[in-house]
Amino acid sequence: MKFKRMPIEAESPEERGYTSLICNLAESSVTDIQYQDLKFKPQELTLGYGDHRGLPELRALLAQEHGLKSDQILIVPGAAAGLFIVAISILQKQSQFIVQRPNYVTNIETPRLIECEMNYIDLLFEQKYQFDLYKLTILAKKKPALISITTPHNPTGMVLTEEELLECIEIAERSQSFLLVDETYRDLAFHNSPSLAATYSDKVISVSSMSKAYGLPGIRIGWIACKNRRLMELFLAAKEQIFISNSVLDEHLALHFMQNKKKFFNPIKKHIDQNFALLEKHINKSKNLEWIKPQGGVVCYPRIVPKINYNQFYDVLYQDYKTMVAPGYWFETEKRYMRIGYGWPDLKQLQNGLTYIEKTINMLNQ
Ligand SMILES: Cc1ncc(COP(=O)(O)O)c(C=O)c1O
């Protein structure tokens with residue numbers, strides 16, 4: 001495979017340097033947690049290779065939360081690694097593959113590098129970013145090796161209902177395909193989510209992580225959940241080829257967070273609710289931006305209303321206002337679209353960032 005760097009990574013705030021920014025609305029997670037706030041004091045931790053499947057206590061806790069068994073959970077270094085492992089384990093050159101677009105980059109780019117037959121289901125503004133189940137039914141006639149969906153979705157913030165999820169599962173089962181459900185934003189759905197997708201069928205693989213909802217992308221801990229033993233063996237073999245095991249420090253930190261999840265997660269939720277209320281009020285009043293209101297996650301995917309020079313828009317926003325959003329071209333859509341991450345900045349930074357977006361559009365629209 002010939003890897004190439006994607007703009008979403010090469011131009012990311014951490015690569016450009018956080019200090020070059022005043023308003024960072026380009027993140028797709030909640031605010032990063034400070035290590036000292038976790039009050040994590042591991043005792044007698046042996047820094048050897050860990051259990052290849054992942055720390056048993058962490059797997060047990062995750063399994064318990066979702067009504068699965070421990071051996072149906074594989075801990076991996078982040079959801080990105082999970083998605084990569086699933087793709088390289090199931091797909092090969094010319095495999096039929098169905099995926100939503102726009103999407104988080106690994107969900108599209110790894111199958112593309114494997115040279116799969118790519119079948120896209122585009123989420124369109126005009127269709128309120130609704131997932132087109134009819135199109136999935138038609139494409140599934142090609143008997144894809146893998147169907148990939150994300151809920152809550154990045155970058156649109158759309159969430160599948162339980163009915164829709166069950167229909168996806170039924171379609172996958174009928175076409176003898178596996179269904180990958182990227183549930184990295186699961187705990188951030190605004191309303192009750194269906195159960196973890198992998199609990200419904202052994203054709204389903206769920207991927208999630210500590211990064212987006214819990215503000216811990218720096219510890220690189222995620223997991224693959226699946227009831228299919230043969231697949232789990234394949235995933236473990238792939239993991240062992242790349243990583244052998246996880247960082248034991250990261251695993252213990254993740255365990256500590258999960259053991260105290262309620263305490264740590266409540267303030268995160270409060271912060272997101274506050275920020276979302278501000279964002280909603282702003283966009284509803286704005287003449288420059290229009291959106292499809294998200295149903296979960298910490299991102300939305302609005303578009304610019306007036307016809308302006310979009311390259312200039314991103315340049316001015318960054319150069320003059322030290323403000324960043326995630327531009328539409330990161331997601332292979334028109335540049336008038338942008339992803340606004342509202343869960344990472346504090347309220348003031350979000351407010352200022354939105355004001356700078358308006359000022360920039362007004363200036364370019366004169
Ligand atoms: C939908 C989705 N899946 C997976 C990932 C990867 O997350 P991580 O590897 O940090 O767990 C991201 C990151 O942006 C994402 O948005």
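**Close-up 1. Helices H3 and H10 cross in a left-handed sense.** A crossing is left-handed when the near helix is turned anticlockwise from the far one by less than a right angle, and right-handed when clockwise. Contact residues are Glu 57, Leu 58 and Leu 61 on H3, with Glu 251, Ala 254, Leu 255 and Met 258 on H10. Residues are in contact when their C-beta atoms, placed from the backbone, lie within 7 Å. By class, five are nonpolar, none polar and two charged. Ala, Val, Leu, Ile, Met, Phe, Trp, Tyr, Cys and Pro count as nonpolar; Asp, Glu, Lys and Arg count as charged; the others, Gly among them, count as polar. H3 (residues 56-66) packs against H10 (residues 248-259) at about 35 degrees, the axes 9 Å apart. Axes are lines fitted to C-alpha atoms, for helices over the stretch in contact, and angles between N-to-C directions run from 0 to 180 degrees. Helices (H or I, at least four residues) and strands (E, at least two) are DSSP runs, numbered from the N terminus.

The model is predicted: local features need pLDDT of at least 70, side-chain atom pairs count only at pLDDT 80 or more, and totals for chains, interfaces and linings use all residues. Residue numbers start from 1 along each chain as its sequence is written.

**Close-up 2. Seven strands build an open, mixed sheet.** The order is S2-S8-S7-S6-S5-S3-S4. Strands pair if DSSP finds at least two bridges between them. S2 (73-76) and S4 (117-122) are the edge strands, each with a single partner, so one side of each has no neighbour in the sheet. Twist averages 20 degrees from one strand to the next. S3 (residues 96-101) and S5 (residues 146-150) run parallel, joined by three bridges. Ile 98 faces Ile 147 of S5 across this pairing. H3 lies across S2 and S8 (222-226), at about 125 degrees to S2.

Close-up 3. One joins Thr 151 and Pro 152, with omega about -15 degrees. The other joins Asn 154 and Pro 155, with omega about 15 degrees.

**Close-up 4. Lys 39 and Glu 44 have positive phi in the loop between S1 and H3.** Phi of Lys 39 is near 50 degrees. For Glu 44 the value is about 45 degrees. Neither residue is a glycine. Lys 39 is exposed, with 8 other C-beta atoms within 10 Å. Glu 44 is also exposed, with 4 such neighbours. The cut-offs count other C-beta atoms, placed from the backbone, within 10 Å: 20 or more is buried, 12 or fewer exposed, and in between partly exposed.

**Close-up 5. Four strands form an open sheet with mixed pairing.** The order is S1-S12-S13-S10. S1 and S10 (299-300) stand at the edges with a single partner strand each, so one side of each lacks a neighbour in the sheet. S12 (residues 323-327) and S13 (residues 338-341) are antiparallel, paired over two bridges. Pro 327 is opposite Met 338 of S13. H12 (residues 310-321) lies across S1 and S12, at about 155 degrees to S12. H13 (residues 347-364) also packs on the sheet, touching S1 and S12, at about 85 degrees to S1.

How values were computed: Contact = placed C-beta atoms within 7 Å.
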